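Here are my notes on the model, as numbered points. Please read them with the structure open.

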Amino acid sequence: MKGSEKRDIRAMSREDLRAFFVSVGEKAFRGNQVYEWLWQKGAHSFSDMTNLSLELRQHLDTHFTINHIAVDKMQRSKDGTVKNAVKLHDGLVVESVLIPAENRTTACVSSQVGCSLDCRFCATARLKRMRNLNADEIYDQVMVIDRQSRLYFNRPLSNIVFMGMGEPLMNYPNVMKAIDKITSPDGLGMSPKRITVSTSGVPKIIRKMANEQPRFRLAVSLHSAIEETRTSIMPFNSTFPLKDLRQAVSYWYEKTKSRVTYEYVVWKGINDGPEDIEALLDFCKAAPCKVNLIEYNPIEGGEFQQASDSAVENYIRHLEAAGITVTVRRSRGKDIDAACGQLANKETA
Ligand code: SAH
């Protein structure tokens, strides 16, 4: 049988696998064993499945393939950050990043190859969107990083952020499927509270998601609460205006009672004035929230510049005075282009 005629065994549910084994005269529980090999132990080959007989492993190998992603290139930053260029079955490449901290490890995963949005400060935007990742390709990035976390830091992965390449809400069904599997006891069994979906802000999908009563966290890349300014740096804002985003965010809180985090970079001459802070304070009234001030990571040929420390401190002072929690996120993995907005397949292009 030619390779191309083999079925991808990972497209089969646990029930499909159980039924398959019964159809070849085996016990149904063999289906559970294979499912565990595929989804919990991350087996890439039937020969790894040592609790099956040799004959059974060979039988599976004749009829099925295991389509999985492969780490094409791995880079380690001097701060411990690991960037993986991950090759998909069709040869396209996405990047996923492992970010170690004192007592946790975070995986930053991609949801699309490239991105359809056009944020002017982001390197991924220049790649354009090539395709959506399927749920398994998202899940596999998490598995790869979980394994690396155990290997390099002696602990399992603790957090996941959808802040890699792509806009997760433009690939909503697959992102949800992947999260289901990541949180399921059948998969990695991670707590949804440790997962953050980050979006540029697609109001309709935020509402849809809120209706499904999710237990993961939501982050919105706001960057400006002034309509014209936001449109000038994130042109798609003209399609999804701030007033709709504001309503969607308050709907999210109403339904989930979970505070939204606004991601915000302060740039020199763009959003570093008092009117920008005032607009943000007003936007924050939409629902209980936190603000995460992100350090700007320059991209090649980019025209943006990080604002001065005093401009950032101004933001912090005003937000804190209004009782809003503010965190400042320092960049990680800058030396290997692994920081926010720097993922652009540079090494593999
Ligand atoms: N599309 C999603 C997720 C990917 S971007 C979103 O927009 O949220 C992850 C975060 O990095 C976003 O907050 C984004 O605005 C930010 N970002 C993009 N380019 C950046 C850069 N050059 N420096 C710092 N942050 C950047």
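1. Val-197 has Leu-218 of S11 as its bridge partner. The two strands concerned, S10 (residues 195-199) and S11 (residues 217-221), run parallel and are joined by four bridges. Strands here are DSSP runs of E, at least two residues long, numbered from the N terminus, and two of them pair if DSSP finds at least two bridges between them.

2. The model is predicted: local features need pLDDT of at least 70 and side-chain atom pairs count only at pLDDT 80 or more, while totals for chains, interfaces and linings use all residues. Residues are numbered from 1 along each chain as its sequence is written, and side-chain values use heavy atoms, with hydrogens and water left out.

3. S10 and S11 belong to an open sheet of 10 strands with mixed pairing, in the order S3-S4-S5-S6-S9-S10-S11-S12-S13-S14. Strand S3 (70-76) and strand S14 (325-329) each have a single partner strand, so one side of each lacks a neighbour in the sheet.

4. Polar contacts are pairs of N or O atoms within 3.5 Å. A side-chain N or O atom of Ser-198 is 2.6 Å from a ligand oxygen atom. For Ser-221, the distance from a polar side-chain atom to an oxygen atom of the ligand is 2.6 Å. His-223 likewise places a side-chain N or O atom 2.6 Å from a ligand oxygen.

5. The protein buries 97% of the 530 Å² that the ligand exposes when taken alone (Shrake-Rupley method, 1.4 Å probe).

Technical notes:
A polar contact is a pair of N or O atoms within 3.5 Å; within protein, one must be able to donate a hydrogen and the other to accept it, and residues adjacent in sequence count only if both atoms are side-chain atoms.
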